[in-house]
Each structure stands twice: as C-alpha cells, then as structure tokens.
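This report covers one protein chain.

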Amino acid sequence: MGGSTRNVRVLQGDNASGQSPYQRLSRRMLDISGDRGVLKDVIREGAGELVTPDASVLDITLWGMELGLLSMRRGELARFLFTPPYAYGTLGCPPLIPPNTTVLFEIELLDFLDSAESDKFWALSAEQQDEFPLHKVLKVAATEREFGNYLFRQNRFCDAKVRYKRALLLLHRRSAPPEEQHLVEAAKLLVLLNLSFTYLKLERPTTALSYGEQALIIDRKNAKALFRCGQACLLMTEYQKARDFLVRAQQEQPFNHDINNELKKLASYYRDYTEKEKEMCHRMFAPYNGATVGKN
C-alpha cells in the first residue's frame, strides 16, 4: 500500500472556552472505530473501491492508522484523530509524543494492492499452483511485480529484487498454450526490465546485463532493454559494447533524452580512457632520462 503521512500533531491543552483542540475537532468528524477512538474528516475525496481488508499494508505501526486506511479510497486525503489506545498508548513516543496523547494525522492514499489472491496462491502446494488458471497466475505475478515497484520507489532495492524474482520464477514455471504464450512473454519482459534496472541500482552491472539480454530475447528492439544493457556495459568499462547497445536504443527512440545523455557520457568516458591509454603507452616506451642506447 502506498501513501504519505503529511502532518502529525499532538493535541494538548485547553483554551478559554474550556474545550481541548481534540474536542473542537472531533465534533465534525466521523467515528470509524465505533468507540470514538479513531475519528475521520475527508479533505479530498478519492475514487474507486475502498481499501480491501486483505490489502497488504506496508510500514504501518499504529492500529488506528490501519483502521483509517481501510476507510479510504485511491487518491483520498483525510485527517484522522487517534486516541492513545489507537496511537502510542501509555508510553508515547519520546521525545516528540508524551504518554497518553491524542494525535492528529493527515494521510494521503496514493495506491494499494489487493494481495488476497496472491497470498492464497503462495499458500498452495506446487501441484496446486500448477493447476491455477493462467489469468490468475498472471495476476499473481503482476501483484508481485507491483510490490517490487513499491519497494523500488522506497529505495529498498534488495527487497524489490526478491519480489521481482518471485514473479519471474512463477512465469518461468508456467506453461501456456501457443495462443496465450504471448501473455506470459509480455509479463516476463516487464519483470526482466525491472530486474535489470534494480541490479544497476545495486551496482551489479554483470547481472543487470544478463537480465537485459534476456529481455532482448523476448523483444530485440526494446529500447529500455537496450538502454539498460548499454548502461551496464558502460559501468563495466566495455565501451564498444555499450556504444552498440546505446546506438541501437537511439535508433528505436531518437529523441529520448536519457539515451542521448548516456551516449554523451560514453563519449566523455571513452575520451578520458583513450587519453590515459596514450599516456601509459608513452611512459612505457619513453627512454629513461640520461640513459644511453647501446648498439649490438
């Protein structure tokens, strides 16, 4: 599940009217926990279905926040009040949040993933998984890839590659009739491109190149695959191979700024490399100062 917590405020103290900030805010808020422990005020409406109870919730530590998210839709922005039992309890969260404190959160729900079918699939035996309909297998693989994308955006590259590899393993295992094989290949291509990019982020260009080349077996003109292979070769200082891949990528997408900038970077690196090579050769073959050259 993807979201952002915009503001967290501690509500304490009374004013001249004798009402606390919590009491003033709570009057116009919806009770979603049934005991007024979690109150909600929608700032911007979302769209689509509510978050499903089976949706996977990542990086959520508060019970109140989990309940709040289950009342939201994609794109929604809402304000929540959590009383201590639904927030930080009797301990608080020193030094910012004292014990027994009611807190205010503003939460924006960017997206969520319904992992119910995926969780059900992985709980099956290998034999049962093989009997799953192809369209459901593709959905499970897509869910794993989307989880990987979420983790990638969080810069959790090692965790992302685990999800991508699960998706790829599933797709490799699955056989399909000829008329549906293109669906499996299209799903594999997306995962291979993601794995190549992830291994570039992990500074493992050899593995990134391997996944990029596997993607090119599926689609030899895929600009992203050619670009990733070029980037990997550049990191490996295999300049000719890098140029070959990048030129092919440029042929597919002539006005792609990333590809053109990578070619400029390659030219700069290659120029520095050749200059160093010339300097090294000059030092190797230059006579020592003061040395005499003898005759046979």
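The text below goes from the whole chain to single residues.

This is a predicted model, in which local features need pLDDT of at least 70, side-chain atom pairs count only at pLDDT 80 or more, and totals for chains, interfaces and linings use all residues. Residues are numbered from 1 along each chain as its sequence is written, and side-chain values use heavy atoms, with hydrogens and water left out.

The protein chain holds 11 helices and seven strands, taken as DSSP runs (helices H or I, at least four residues; strands E, at least two) numbered from the N terminus. Of its 296 residues, 40% are buried, meaning under 20% relative accessible area with a 1.4 Å probe, protein chains only.

Helix H5 (residues 134–153) packs with helix H7 (residues 181–201) at about 20 degrees, the axes being 11 Å apart. The axes are lines fitted to C-alpha atoms over the stretch in contact, and angles run from 0 to 180 degrees between N-to-C directions. H5 is therefore roughly parallel to H7, a label for angles under 35 degrees.

Most residues other than glycine have a negative phi, and most peptide bonds are trans.

| Residue | Phi |
|---|---|
| Asn 155 | about 65 degrees |
| Thr 237 | near 60 degrees |

Asn 155 lies in the loop between H5 and helix H6 (157–173), and counts as exposed at 56% relative accessibility (the cut-off is over 50%). Thr 237 sits in the loop between helix H9 (223–235) and helix H10 (239–252). The peptide bond from Pro 94 to Pro 95 is cis, with omega near 5 degrees; Pro 95 belongs to the loop between strand E6 (77–82) and strand E7 (102–111).

Technical notes. Parallel < 35°, antiparallel > 145°, perpendicular 65-115°, else oblique.
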